[in-house]
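Dear colleague,

I am passing on the structure below, together with some notes on what turned up in it. Please bear in mind while reading that the model is predicted.

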Amino acid sequence: MSDSLNAPETPHAPGEPLRRTRAKGEPRFPDGPRADPAGSHFERRIRSFQPRRSRVTAGQADALQRLWAKWGLDIDGQRLIDLAELFGNDNPVYLEIGFGMGEATAQMAAEDPTTNILAADVHTPGQGNLLNLADHNSLTNIRVANGDAIILLREMLPPDALNGLRVYFPDPWPKKRHHKRRLIQPEFLDLAATRLAPGAIVHCATDWEPYAEQMLDVLTAHPAFENTQEDGGFAPRPQFRPQTRFESQGLDKGHVVNDLLFRRVQHGDQPPTGA
């Protein structure tokens with residue numbers, strides 16, 4: 001990641017406390033993301049994610065307070081989103097599920113300003129960091145969504161709304177009894193297919209080889225998707241996907257990173273687009 005995409009921390013006066021004690025029931029960020037935006041409106045199901053708790057820095061907290069109303073979105077499942085209105089243009093929209101601290105997302109947004117990125121995660125420090133990066137680098141093509149991406153897809157996006165889906169280094173849930181929690185499953189692809197326009201690309205990457213093999217099997221078997229690789233295997237890492245610090249650390253440890261690039265096939269009642 002280049003230094004140009006490193007957002008500075010917001011300065012604070014010497015001796016000023018970074019955190020204060022909140023009253024019981026007081027929101028953590030009154031003008032920022034909600035703790036549980038969907039609440040109990042939707043049925044409980046097996047979650048593919050596990051919220052991570054870590055300290056929010058002063059700069060991240062400042063970004064959440066200043067920028068959430070402008071660039072943030074709570075996944076409450078209560079309304080249908082007009083993506084053109086959300087981004088202020090008709091550019092293609094890619095949904096990224098799970099962006100970590102947001103460095104790779106910010107770099108992709110900077111290198112392709114004609115593509116909008118709707119980045120969904122539940123990690124509050126990462127949300128603040130990505131907003132900080134977007135602000136510091138004047139990236140107006142990023143919107144940060146807080147909450148369950150399944151609810152976002154199912155309840156808040158219209159059919160064929162997305163031009164791409166990115167799932168980079170999702171939780172591999174390595175224990176066999178937890179495999180049902182993995183995101184890339186036939187049921188998830190059924191849902192995603194309804195929100196992806198014909199020709200849209202699903203791009204997954206993982207450094208957990210057993211999960212990579214499962215992803216390949218599930219995507220290959222799904223009738224709504226076709227492998228962009230003629231040999232039916234994994235794809236080389238495309239130049240537009242930056243190598244993250246997490247990925248570099250894994251490579252240093254001997255991990256093998258696999259990318260998968262699958263295309264949403266034409267709907268049966270639509271003519272070919274040439275995509």
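To begin with the strands, E2 (residues 93–97) and E3 (residues 116–121) run parallel and are joined by 5 bridges, and within this part of the model Glu96 stands opposite Ala119 of E3. Both strands belong to an open sheet of 8 strands with mixed pairing, whose order is E1-E4-E3-E2-E5-E6-E8-E7. The edges are taken by E1 (72–74) and E7 (225–227), each of which has a single partner strand, so that one side of each is left without a neighbour in the sheet. Ignoring direction, neighbouring strands of this sheet are turned against each other by 25° on average.

Helix H6 (residues 186–195) packs on the sheet, where it touches E2, E5 (162–168), E6 (196–206), E7 and E8 (258–264); the direction of H6 makes about 135° with that of E6.

A further packing concerns two helices, H1 (residues 58–71) and H4 (residues 124–136), whose axes lie 8 Å apart at an angle of about 75°, and which are therefore roughly perpendicular to each other. On the H1 side the contact is made by Gly59, Gln60, Ala63, Leu64, Arg66, Leu67, Trp68 and Trp71, while H4 contributes Thr124, Pro125, Gln127, Gly128, Asn129, Leu131, Asn132, Ala134 and Asp135.

Technical notes: Residues are numbered from 1 along each chain as its sequence is written. This is a predicted model: local features need pLDDT of at least 70, side-chain atom pairs count only at pLDDT 80 or more; totals for chains, interfaces and linings use all residues. Side-chain values use heavy atoms; hydrogens and water are left out. Axes are lines fitted to C-alpha atoms, for helices over the stretch in contact, and angles run from 0 to 180 degrees between N-to-C directions. Helices (H or I, at least four residues) and strands (E, at least two) are DSSP runs, numbered from the N terminus. Angles under 35 degrees count as roughly parallel, over 145 as roughly antiparallel, 65 to 115 as roughly perpendicular and the rest as oblique. Contact means heavy atoms within 4.5 Å. Two strands pair if DSSP finds at least two bridges between them.
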